Amino acid sequence: MNIKTRPSRFFWIMLFTLWAINLQSQESPKSNVEDIYQNLCMSCHVSGAVGGSLTDKQWSYGGSDDEIFQSIKNGKEEKGMVPFSSLLTDEQIRGIVVYIRELESRDSSESIPNDQLENVVKTQYHSYKVEVLTTGFRTPWSLAFLPDGRKLVTERLGPIHIVNSDNTLNPNPIDNTPNVIFDGPEGGMMDIALHPNYKKNGWIYLAFADGWRDENGRSKSQTAIVRGRIKNHKWVDQEWIYKADPKFYMRSGAHYGTRIAFDKGYIYFVIGERGAMGQAQDLTLPNGKIFRLYDDGRIPADNPFIKNPDVPKGIWSYGHRNPQGLVVDEKHNIYATEHGARGGDEFNLILEGRNYGWPIITHGINYNGQPITSITEKEGMEQPLLQWTPSIAPCGLTQYKGSKFSKWKNDFFAGSLRAQELHRIRVVNGKVVQEEIILKGLGRIRDVRTGPDGYLYLLTDEPARLIRLVPSE
Ligand code: HEC
């Protein structure tokens, strides 16, 4: 007699499908990726189970975002993987791809050892040592080099400090600097930059959260730019470069951007979408935009949206979430790093008048695990040169122009807050051809600059310090 003792694989698939359909119909359609993964995937996808681990970076059917998406959507029925196209929306499947990426990086062990303060760190092209130069800051945000060897450091809470040329911190901040608004972890005093002709004109530019508080202490604020000079330890000669119409000031304390960059007599700066994602696509609002003005605040007559009376005239590009790295290279190309949501951080080439897609296209999901969209590209919207999922929280960007690390010349260095990493990015003919994490775990990197002495300078918080990388071949 031929007794069949094991039910076929298809029996299990059917059983699972019925159970899953039942489960899905009980749940709200808003379930987050953690719950979906837990309920629908974990039974078969842990190491040892029928589907194997999804977080060991081993893929039988392709490991690109798109291939993983297809595996989940269409299944591999002959192998026992159910198609989820009828159970999950495309948005949810996209969200699971992001979640798998997060689990994957959590499980991976490829990190640089956390002893870089003492040891020589070897990277692909150069070995370096870390020098801690200055401590004693509270919340450092941005760094600028004065021609006499001193440095200026802004703190988010408002103060602007002078670091003496021997790298000791002058305990007294500059007097009379602008009032700033900060509610929560963002806003306040942000970027500081010297005019390219600083030696002649003495102009220093500041980007900060400008605003006011009502009698209940509730604030309204918006990103603003001023320039002024420092004389006898005092901020003087202040002029407004950009101040939004009061109707654009918001209660939100989030996503101000920003950075300042100069090129050919223009100033570029960023206003983040202020936590109102849809506003990044609304050209009548300043939020989620990169701006271009003349360095004295006048509006260039050839700005891309100048003819549209409803559009703030300084807008250069749109569809941004919260860029906090901005650089213009010697060929006048503009590069920016941008915080995505949960996943989908970006490194972009910023082109005149272009739409960078947030939140219509993104590689990320919401922080609560709910999907934003299933699409990562769309006609009329720019693709990033590079995207980071899971998020590294990019902050600070420099293009290395020094001579101390000859093989890094023209490479970009992007700092990151959450991942505490410094990424070296090589761009050739408009494409990223190399990316290397050269430093990790020395604090949240807030700013990265090439020093006039050719060393790479970093400003970190948690712990707050000014450090630099020096060659050690
Ligand atoms: C009934 C068991 C079962 C369930 C439930 C299940 N899978 Fe699978 N899955 C499999 C099997 C079996 C394979 C094929 C493994 C192989 O051939 O290596 C697979 C393959 C995959 C692959 C391709 C892996 C590769 O190596 O290329 C992905 C991606 C995947 N599953 C994702 C998911 C996700 C996400 C969920 C939950 C939404 C899920 N699976 C639920 C059984 C399952």
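Among the structural elements, helix α3 makes the greatest contribution to the shell around the ligand, supplying three residues. The structure described here is a predicted model. In total, 19 residues surround the ligand, the closest being Cys-41, Cys-44, His-45, Tyr-61 and Met-81. Classified by residue type, this shell comprises 13 nonpolar, five polar and one charged residues.

An N or O atom in the side chain of His-45 lies 2.7 Å from a nitrogen atom of the ligand. A polar side-chain atom of Tyr-61 is placed 2.6 Å from a ligand oxygen atom, and a polar backbone atom of Ser-60 is found 2.7 Å from an oxygen atom of the ligand. Two or more residues of the shell are contributed by each of the elements α2 (33–41) and α3 (65–74).

The ligand contains an iron atom, which is coordinated by NE2 of His-45 and SD of Met-81 at 2.0 to 2.1 Å. These two residues connect distant parts of the chain: His-45 belongs to the loop between α2 and α3, Met-81 to the loop between α3 and α4 (90–107), and 36 residues separate them. The arrangement around the iron atom is octahedral because its six donor atoms subtend angles of 86 to 179°. For six octahedral donors, the ideal angles are 90 or 180 degrees. His-45 has a relative accessibility of 14% and therefore counts as buried, the limit for this class being under 20%.

Glu-67 is located in helix α3. With a relative accessible area of 36%, Glu-67 is partly exposed. A polar atom of the Glu-67 side chain lies 3.2 Å from the backbone nitrogen of Gly-63. When residues up to four places away in sequence are not counted, Glu-67 touches Tyr-61 and Gly-62; Tyr-61 is also one of the residues closest to the ligand. Glu-67 and Ile-162 are 95 residues apart in sequence, and their C-alpha atoms are 52 Å apart in space.

A further residue examined was Ser-317, which is situated in strand β13 (residues 315–318). Ser-317 has a relative accessible area of 0% and is therefore buried. Its side chain forms a polar contact of 2.8 Å with the side chain of His-320. Apart from neighbours within four places in sequence, Ser-317 is in contact with Gly-288, Lys-289, Ile-290, Ile-350, Leu-351, Arg-354 and Tyr-356.

Terms used: Residues numbered from 1 in each chain as written. Predicted model: local features only at pLDDT ≥ 70, side-chain atom pairs only at ≥ 80, totals over all residues. Heavy atoms only, no water. Near = heavy atom within 4 Å. Polar contact = N/O pair within 3.5 Å; in protein donor to acceptor, adjacent residues only side chain to side chain. Helix = DSSP H or I, 4+ residues; strand = E, 2+ residues; numbered from the N terminus. Nonpolar A, V, L, I, M, F, W, Y, C, P; charged D, E, K, R; others polar. Donors = N, O, S within 2.8 Å, 3.2 Å for Na, K, Ca; no water. Tetrahedral: all angles 85-135°; square planar, octahedral: opposite > 155°, others 65-115°. Buried < 20%, exposed > 50% of the residue type's maximum accessible area, 1.4 Å probe, protein only. Contact = heavy atoms within 4.5 Å.
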